[in-house]
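Please keep the sequence and the structure in view while reading.

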Amino acid sequence: MDINSLLQYVASGRGWPLVQDASGDHRMEVPTEPGRTQVVQVTRGADPEGRAMLWIWSVVADTSVVSDPWFLLKKNAELAYGALAVRGSQILLVETRGIDGADPMDLASAVFHVARAADGFEKLAYGAGVDQR
């Protein structure tokens, strides 16, 4: 199954809206709890040895709202899926998966857990009443 079909299968099976942008990246809007969703992006790439990979990531917050980066490093160690990273002025939660032999259930689980953890960090950063999408 090609990646586009795999992502469509994962998203449609769970009712997650899926869009693909001009660069080929996919975005899914994943419900995390009643009234909240988190946008998770899936980007194709390759590991240092050239194997095809997927980067599964979501924006957590702007770096300007984080006053204690050590807190994020400590929280990072508690994550079962993904890791916190900084790109430009954004804090991201990032997980990777190999494309070869990608399993739809494993991919769906990774997307969901990235969404849920990113949403939790977003609530810590902005408060529970804000859903950045």
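## Terms and source

Two strands are said to pair if DSSP finds at least two bridges between them, and the helices (H or I, at least four residues) and strands (E, at least two) are themselves DSSP runs, numbered from the N terminus. This is a predicted model, in which local features need pLDDT of at least 70 and side-chain atom pairs count only at pLDDT 80 or more, while totals for chains, interfaces and linings use all residues. Residues are numbered from 1 along each chain as its sequence is written, and side-chain values use heavy atoms, with hydrogens and water left out.

## Strands and hairpins

Strand E1 (residues 18-20) runs antiparallel to E2, and three bridges join the two. Among the residues involved, Gln 20 has His 26 in E2 as its bridge partner. Five residues separate E1 from E2 in the hairpin that they form, and in its turn Gly 24 has a positive phi of about 95 degrees.

E2 also pairs with E3 in the antiparallel sense, here over seven bridges. Glu 33 is partnered by Arg 36 in E3, and Pro 31 by Thr 37, again in E3. The hairpin of E2 and E3 has two residues between the strands, with Gly 35 in the turn showing a positive phi of about 85 degrees.

Gln 41 has Trp 57 in E4 as its bridge partner, and Gly 45 stands opposite Met 53 in E4. In the hairpin of E3 and E4, five residues lie between the strands, and Gly 50 takes a positive phi near 90 degrees. E4 is joined in turn to E6 by nine bridges, with the two strands running antiparallel, and Ile 56 stands opposite Glu 95 in E6.

## The nonpolar core

A nonpolar core is a set of buried Ala, Val, Leu, Ile, Met, Phe, Trp, Tyr and Cys residues joined through side-chain atoms within 4.5 Å. The largest one here has 29 residues, and those with the most contacts inside it are Met 28, Ile 56, Val 60, Leu 84, Leu 93, Leu 107 and Val 111. At least two residues of this core come from each of helix H1 (3-14), strand E2 (26-33), strand E3 (36-46), strand E4 (52-62), strand E6 (90-98) and helix H3 (104-126). H3 provides the largest share of the core, nine residues. Counting as contact any heavy atoms within 4.5 Å, and leaving out residues up to four places away in sequence, Leu 84 touches Val 60, Leu 72, Asn 76, Leu 79, Ile 91, Leu 92, Leu 93 and Phe 121.

Buried means under 20% relative accessible area, exposed over 50%, and partly exposed in between (1.4 Å probe, protein chains only). Val 114 lies in helix H3, and it counts as buried because its relative accessibility is 0%. Beyond residues up to four places away in sequence, Val 114 touches Val 40, Ile 56, Trp 57, Ser 58, Leu 93 and Glu 95. Val 114 and Thr 32 are 82 residues apart in sequence, yet 10 Å apart in space, C-alpha to C-alpha.

Val 42 lies in strand E3 and counts as buried because its relative accessibility is 2%. With residues up to four places away in sequence not counted, the residues that Val 42 touches are Leu 7, Asp 25, His 26, Met 28, Leu 54, Trp 55 and Ile 56. The C-alpha atoms of Val 42 and Ser 58 are separated by 8.9 Å, the two residues being 16 residues apart along the chain.

## The largest pocket

The largest pocket is lined by Val 60, Ala 61, Val 65, Val 66, Ser 67, Asp 68, Phe 71, Leu 72, Ile 91, Phe 121, Leu 124 and Ala 125. On a 1 Å grid over the protein atoms alone, a pocket is an open set of points where a 1.4 Å probe fits, with protein on both sides within 12 Å along at least five of seven lines, and lining residues have an atom within 4 Å of a point. E4, helix H2 (69-76) and H3 each supply at least two residues of this lining, and H3 gives the most, with three residues.
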